[in-house]
Amino acid sequence: MRAWLRKTYADLRGSYWFLPAFLTLSALGLSILTWWIDTRVGSDWTEQVNFLQTTKPEGARSLLSTIAGSTIGVAGTVFSITIAAVVYASGSYGPRLLTNFMNDRGNQFTLGIFIATFVYSLMILRVVRLPDSNGYFAAASGQFVPQISMLIAMVLALMSVAVLVYFLHHVPHSIQINHVVADIGRSALKSIEKRYPDQHDGESWQDYDLRVGVPVFSQKIGYIEVIDYRTLGNTAQDQGITVRLAVRSGDFVHPGVALMWVEGTMGDDVEDKLCNAFALGINRTSAQDIEFAIDELVEIALRALSPGINDPFTAITCMHWLSAVVTSLADRDLDRDADGRHYGKNDVYCLPDDFDHYVERSFGAMRMSAAANDLASKLYIDALATVIHRAAKHDRADSAKRQVRLLVEQARVLLDGPALYELEKRKDALLGAESGAPHGGSSMHDLA
């Protein structure tokens, strides 16, 4: 249940409709509150304020109608522009980045303010009484104008204008490739800092056998969005069993895929409790899945290096941020995280988040495409140089050095002439003469 609640909370925060719906309901409640205050206070107080003038019923109706009509029209335009930006992002950066644009708080807030202003103005418009009306709260003349509500409507209208100016700047800024990549990179760095708060101490967890006991298979289909490690640990302690996870957050599972292996005797409802610690969805999310942000950066880089686009500078930007992400991982203790998860703690053993895996998932995934481009291949080595220098302090540099060797080996097939010569020089300057083969030909087996 806790995993489902965390998933639902994340879905609501990231949905495109939640913030506009919340602002709309707030505007509805605010209209009722200000109308109630107006019926108690009246409109005589406006005569005591010099810069305020009492609004007449005809003027109030005209003003509210104008505000309501214009804001709902602009709201439709805002929604259309957002959809156009989303379609552009899908075609240029990849369909997996659609969620980033749909979850943009600036777009959600802009749409919400316009709809909220429309609803508020509409609700106040219906209580304005002309002199011949017979409203319950009408004055002796029969007219009723909620003066405080009118001021709030004006404030919301001015806020809508300010939000519109912000939106016109925000949309083109948010679809700039450097901004998109930077947002993904910062999100990954924040996730790493939150998930792995401890510095690496030079020690690593022992190699446990994770396939011991009875397998517990998934009961649903989808991507694992949240794993509730606390529930797993409590259940394991209460039942006297040992749980060894067979999956990570972000993995796709279905009936027939083992979620975990359980050693010990399980009660009747223990298997259901263990399965309920996993929240599944149709999409991968960044809640517990650092690899999701890494994959997004890799996808943008691979698209940029494709022959149809041929934009090495975008790929270089992705490499820069991947270098920052992997370097941050090199400093972290990947054996324990902020959720209290530790390999072997509370009778729960997790799959290792090992540094070599992250290096292969990031730089290894784009190695072939980078090797085919003169500029990208050079910056590939430069980006890994930062990782190597930092990882060497923790004896984790071997995997990054291996990626440099494999890149050069691939480039010997795809590049020639001065481009290959310059790449060899960069590789030699970084790694020295470490078991390097001559330019003519080394095997992949030797380099691996």
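**Close-up views of a predicted model**

**View 1. Helix H11 covers residues 312–330.** Its 19 residues reach 26 Å from first C-alpha to last, close to the 27 Å expected at 1.5 Å a residue. The expected span is 1.5 Å times one less than the number of residues. Helices are DSSP runs (H or I, at least four residues), numbered from the N terminus. H11 is mostly covered, with 15 of its 19 residues buried. Buried means under 20% relative accessible area, exposed over 50%, partly exposed in between (1.4 Å probe, protein chains only).

This is a predicted model: local features need pLDDT of at least 70, side-chain atom pairs count only at pLDDT 80 or more, and totals for chains, interfaces and linings use all residues. Residues are numbered from 1 along each chain as its sequence is written, and side-chain values use heavy atoms, without hydrogens and water.

**View 2. Asn-310 has a positive phi, near 50 degrees.** Asn-310 sits in the loop between helix H10 (290–305) and H11. Most residues other than glycine have a negative phi.

**View 3. Asp-395 lies in the loop between helix H14 (374–391) and helix H15 (398–414).** Its phi is also positive, near 55 degrees. Asp-395 is exposed, at 72% relative accessibility.

**View 4. Leu-12, Trp-17, Phe-18 and Phe-22 form a nonpolar surface patch.** Together they have about 400 Å² of accessible area, computed by the Shrake-Rupley method with a 1.4 Å probe; for residues, only the protein chains shown count as cover. Patch residues have over 30% relative accessible area and no salt bridge, and nonpolar side chains (Val, Leu, Ile, Met, Phe, Trp, Tyr) are joined within 5 Å, like charges within 9 Å. A salt bridge is a side-chain nitrogen of Lys or Arg within 4 Å of a carboxyl oxygen of Asp or Glu. Phe-18 lies in helix H2 (residues 18–41) and is partly exposed, at 34%.

Definitions and conventions
Helices (H or I, at least four residues) and strands (E, at least two) are DSSP runs, numbered from the N terminus.
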